[in-house]
Amino acid sequence: MVGLRFLSEEVNPPVQSFLAAATVLLPLAYLLLVVVYGALFFSRHPRAERWAPPLLLGTLALHLAYLVGLGFKWHQLPAATVPQALTVVAFATAVVYALVERLGKDRSTGVWLVALIFLFQLLSSLLDRSDPPVLDLFQSPLFVIHICLALLGYAAFVIAGAYGFLFLRLYRELKSGRFRLFYGRLPPLEVLDRMTSGALMVGFVALTGAVACGLGWAMKIGYQGWMTDTKILLTIATWLLYAAALLLRRLRHWQGRQTAWVSLAGLVAILVSMITSNFLAQGLHNF
Amino acid sequence: MPDSPYLPERLTEGPSLVLVGTDYRHAPLEIRERVAFGKDDTSDALVHLLARPEIGEACLLSTCNRTEVYVRPCDEQQALRSVVEEIFEARAPQVESQGRLYVKWHGEVASHLLSVASGLESMVLGEPEILGQIHQSAAAAESVGATGDVLKRLLRAAFNAGRRARAETGITTGAVSFGYSAVELARNIFSNLERTKVLLVGAGDIARQVARNLLERGAKNLTVTNRSLERAESFAAEVGNVQVLPFDSRVEALREADLVVVSTAAEEPVLTREQMRRGMARRKPRALLLVDLSVPRNIEPQAGTLDNVFLHDIDSLDHLIQRNLKRRREAVPQVEEIIEEELNHFRKAYQGRKAEPLVAQLQRQGEAIRAQEVEAALARFPEDTHEHLHRLTRALVRKLLHHPSTRLRREQQEESQLALVRELFKLDPEE
């Protein structure tokens, strides 16, 4: 560890410069992706079709380097502040989208996902850049697993929210017979429904793991204040919302539209939970 | 016929070409069907045309909407006269004097064929079958040796333009017929047409059109029901791969169906909201697409208010068709760009051909000099090295002439530049 600290102090200036540049470059790169995927969605431009995959990969590589740089600089998981958590969620969402695009061979939903990722990254870059607290709890493996699972869950819920939104727009156009922006440009309703419920399931499993690890860790350190910790309460509420939706889907044959609404409601709940717990409330998660 | 009306207005760059044709814009169906050529007729007509000395190459394109003859002439006016007489007036004597024919020259011929291949000249903008028809015409011409270097290059440019227009633009986007729009709607709801269960209520022409569209695009699970069971059975026998269901079982069949297409002549609805509600309650939770192609409507409009039921009648399908046509029209400028690019490639390839005799002459001269010099020197070298010497000198000449040959072929050359090359290499202009 001492060796690592020594090494990082030696290379700190270039790392510092890279991180400063990447803070500006990343939102710009995602903005460029929004433009390219937008051209693909609206006009199916062949040049956009050619440029989108390498641009996405390049941006992911830059983003990964940025996260590694942050971890290297602070010697801890880069999730100790809201800007750091936002950039990790943006990265995880982008990775999941890149996989979906590669497996599904479909880029028609890219602009909507990339637009959300851009917003997350822009917020991360614009928000307060003060130093994160270097906490001992970040050295606990259980806590690191808790954070990783929570962020993975958030990324999955972002994706579910985006696909839920697209499902509702296409559903509306198909139902009303007024074929406008979304009709003919998106995958079929059935596919959007599968993507939404699949992402919800992944997010739910990850969030369940995150809650379980968090509880285990809280018990280990004898933390008693969870009844007053806004973040914990909001996360449990969100978890219950998703659990109810998945249960109703299975038991009461909830169809695509209801699942899509839940995915949007869950996304809002997550954003609210993230903002309130970090900016408005006090507790163990306020770091 | 007089010579003057069809004189080329401007001699655009490119090879000498003539096009004589008629299409749906210039001639009514009764004339078009007289000058339409089947596969065998096409070959015979081309053989007759090629027997005339004024015609170097020819290709005949004949579809239900157009008959066009593309010719590389040896004598332009004479070739034009021959095509009009041999192809058109022989079948429809008044066609020329009635002004039903159009004639294009040179660059305009190339540009026209690329537009046809891209679907810009079709009756329904972006209609996809024309490219296949051009393929067939090209194959027919090739089989009787009617196409040479120029028309082959032109046809290749047309295929490229047609393929690119379809792949890179929205010129063929979306359904523009009622039959296909039902399929398009289904594709926007269900992930796999093969697994989609289709119920056709009514066994008339519209149902037949929809069924064929569905089967062509991979649907496998089709059931037809009709008040007259006999008619439904005859429909199933004609279309093939369709099951028959008694008319009274239609509500029960809603339990399994994903897509229901109704096209009957009934005055009253054959599916009511209440029947639909009961049917939906018994179904697994998935979408149901109802397409009502009847007038008056045969599905109660209120059925469309049910959750997960998508009801479309001919008005909403017409809205979809108009939207698709608009999108196709919006793609026209992009297609025109592609056509211009492919025309440029064609022109460049043709220009390269202009330099071909000079390149061949240059290479012949290089080989002659090499052979002469090697022959003179061979006596001074051991016999077992002669083969190596030949190989070495051939490679040397090839490498020395590679760059000038490539440049001459690749770029458009002025006559003065070709003359300069002749002078530099002392090539005989008369050879």
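This note goes through a helix pair, a chain contact and a strand pair in the predicted model.

1. Residues are numbered from 1 along each chain as its sequence is written, while chains are lettered from A and ligands numbered from 1 in the order in which they are written. Because the model is predicted, local features need pLDDT of at least 70 and side-chain atom pairs count only at pLDDT 80 or more, whereas totals for chains, interfaces and linings use all residues.

2. In chain A, the axes of helix α2 (residues 46-74) and helix α3 (residues 82-104) come within 10 Å and cross at roughly 145 degrees; axes are lines fitted to C-alpha atoms, for helices over the stretch in contact, and angles run from 0 to 180 degrees between N-to-C directions. Helices (H or I, at least four residues) and strands (E, at least two) are DSSP runs, numbered from the N terminus.

3. Among the residues that meet here are A:L56 and A:H63 of α2(A), and A:F91 and A:V95 of α3(A), where contact requires C-beta atoms, placed from the backbone, to lie within 7 Å.

4. Strands β6 (residues 221-226) and β7 (residues 242-246) of chain B run parallel and are joined by 5 bridges, with pairing taken to need at least two bridges found by DSSP. In this pair, B:T225 stands opposite B:L245 of β7(B).

Definitions and conventions. Contact = placed C-beta atoms within 7 Å.
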